Amino acid sequence: MGVPDQLADRMSMAEQHEYLRSRFSRRTMMRGGAVTLGAVVGGAFVPGATARAAVPTRSTAPSAQKVDGRVVAPFGRHLAYGNDARTEMTVSWQVPVAVDKPFIRIGAHPWDLSHRIGAEIRTLYTPAGVGASADHTQYYVHAKLAGLKPGRTYYYGVGHAGFDPAEPHLLGTLGTFTTAPAHKAPFTFTAFGDQGVSYHGLANDALILGQNPAFHLHAGDIAYADPAGAGKTADTGFDARTWDQFLAQTESVAKSVPWMVSYGNHDMEAWYSPNGYGGEEARFTLPDNGPDKKNLPGVYSFVHGNTAVISLDPNDVSFEIPANLGISGGTQTTWFERQLKKYRAAKDIDFIVVFFHHCAYCTSTAHASEGGVRQEWVPLFEKYQVDLVINGHNHQYERTDVIKGNTVTKKLPIGGTAYPETEGVVYVTAGAAGRSLYAFTAPDSYEGHEHEVDAVASFVNTKDGKVNETVAWSRVRYLNYSFLRVDVTPAPRGHYTTLKVQGIAETGDRIDHFTVARRAK
């Protein structure tokens with residue numbers, strides 16, 4: 001993206017951002033002029049719901065002439081829960097050119113939508129020379145809805161001046177979303193990491209839609225606009241237009257299923273902000289209940305039924321890819337422990353699921369395990385009996401036995417049950433969502449094709465470099481495209497409530513299944 005390799009190797013993400021801005025900003029502003037865009041705000045009463053525009057994000061971009069809105073259709077719709085998944089939802093989308101007065105309509109029926117509720121435009125400009133494309137401006141629109149009713153399905157349509165989804169010929173553009181329930185109830189969610197734009201990514205999306213999940217977790221490395229992923233401005237091949245393709249690809253699922261993302265190493269894009277996440281902040285509106293919205297916008301939590309879900313940013317603790325190492329100054333880990341303590345004590349929450357990019361335990365020949373995660377967070381997983389840890393980063397499926405104190409406390413065969421209250425933690429790498437696959441040193445071992453081995457050669461990334469290790473915890477390995485399905489079943493107090501976890505291949509075949517059980521509160 002424009003910093004010489006010899007400089008990028010010595011620079012943090014923030015220093016690379018400053019270098020790029022000093023190199024390109026003056027040329028950009030002199031050539032095109034600039035306009036600062038904020039929010040277009042409006043409001044209307046919706047039966048059973050109120051809505052407000054998202055907090056404005058001010059963006060600087062070359063001025064653009066708006067076109068007739070009748071010839072511009074929104075695309076790339078994607079949902080995200082707000083801080084309260086029962087009553088808050090953000091609907092986001094993209095338009096290919098500048099439009100006037102973007103808005104959303106929602107209602108309980110497709111023929112009974114609300115008045116127009118104003119939405120916010122976030123403009124993201126990438127100049128020629130920052131990556132592989134010519135000057136490129138992207139327009140992302142967000143409508144943050146609040147005051148919704150729990151467990152309710154809503155119809156919605158998005159538009160702008162000249163394009164009104166309530167018009168009869170545009171009713172086919174409507175989408176739906178369902179808020180989280182007010183009480184414990186069975187539900188399903190899905191998860192994967194490392195998707196990008198490809199046939200395999202599209203195929204996984206189609207299979208996920210068929211699972212009818214309440215929400216989906218994307219454990220980092222989302223679109224791969226930066227294919228190098230080293231967190232350097234010297235990364236070659238950066239192309240902001242990849243996001244346009246990704247959001248169009250994902251829309252089939254994300255327009256109706258909250259698409260909850262966490263940030264990986266390929267999601268650090270130095271041009272937009274010192275932390276590398278400025279582009280993601282333009283594209284996504286996530287819960288803002290994390291410890292440091294400025295530096296860690298991908299760190300947050302939400303609750304669905306009896307399950308608390310926490311998203312972390314491992315770029316903050318990664319020894320392997322240190323572009324953002326230490327960016328939180330320890331505040332992320334402090335916040336994380338507070339969340340774990342709060343959720344474990346909450347009377348209506350049984351399970352805690354944590355998802356993030358870099359793996360605590362994996363035997364891939366590419367990245368394997370991240371020592372920074374083991375050092376900072378694994379002790380907290382064990383102290384607060386985290387029920388399931390989901391990672392990406394390594395492009396394959398791998399599932400561990402039950403681990404505590406860096407050793408196997410219980411072998412967990414396919415079909416087995418883990419009890420985190422007494423035994424330890426299970427880790428799943430689900431990084432085969434669409435990008436090219438990696439490799440194992442040991443043979444594949446999955447449902448119907450089990451090949452157990454007592455020891456697997458691997459390594460862990462530490463502050464002093466790679467350290468080889470031979471591990472006994474690698475239970476299931478599958479080197480092909482796949483994703484994770486989790487079925488959550490509540491139970492009466494004192495009985496066992498369960499997470500039934502399945503690894504599902506792109507073919508639709510089940511490659512793994514196990515259960516996590518604990519006594520319901």
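Helices (H or I, at least four residues) and strands (E, at least two) are DSSP runs, numbered from the N terminus. With that rule I looked up the protein chain and found eight helices and 30 strands.

**Entry: ground rules.** I am working on a predicted model, where local features need pLDDT of at least 70, side-chain atom pairs count only at pLDDT 80 or more, and totals for chains, interfaces and linings use all residues. Residues are numbered from 1 along each chain as its sequence is written, and side-chain values use heavy atoms, with hydrogens and water left out.

**Entry: confidence.** I checked pLDDT, the predictor's confidence in each residue, from 0 to 100. The protein chain has a mean of 90. In the chain, 88% of residues reach 70 or more. Residues 26-60 stay under 50. For this stretch the model still has 84 contacts (heavy atoms within 4.5 Å) beyond four places in sequence.

**Entry: the whole chain.** I counted burial next. Buried means under 20% relative accessible area, exposed over 50%, and partly exposed in between (1.4 Å probe, protein chains only). Of the 521 residues, 60% count as buried. I also looked at contacts with a separation of 6 or more: 73% of them join residues 24 or more positions apart.

**Entry: cores.** A nonpolar core is a set of buried Ala, Val, Leu, Ile, Met, Phe, Trp, Tyr and Cys residues joined through side-chain atoms within 4.5 Å. Which residues touch the most other members of the largest core? I found Ile-104 and Leu-217, in a core of 94 residues. I listed partners of Leu-217, leaving out residues up to four places away in sequence; among them are Phe-189, Met-260, Phe-302, Val-353 and Ile-390. A second, separate core has 32 residues, including Val-317, Tyr-343, Val-425 and Tyr-427.

**Entry: a sheet.** I traced an open sheet of four strands in the order β7-β6-β10-β11, with antiparallel pairing. Two strands pair if DSSP finds at least two bridges between them. The edge strands are β7 (117-118) and β11 (175-178), and each pairs on one side only. Strand β10 (residues 153-159) is joined to β11 by four bridges. Tyr-154 stands opposite Phe-177 in β11.

**Entry: helix α4.** I followed α4 over residues 242-254. Where does α4 bend? I found a bend of about 30° at Ala-248, taken as the angle between axes fitted to the seven residues ending there and the seven starting there. I see α4 as mostly covered, with 10 of its 13 residues buried. Trp-243, Phe-246 and Leu-247 are among them.

Definitions and conventions: Expected span 1.5 Å × (residues − 1).
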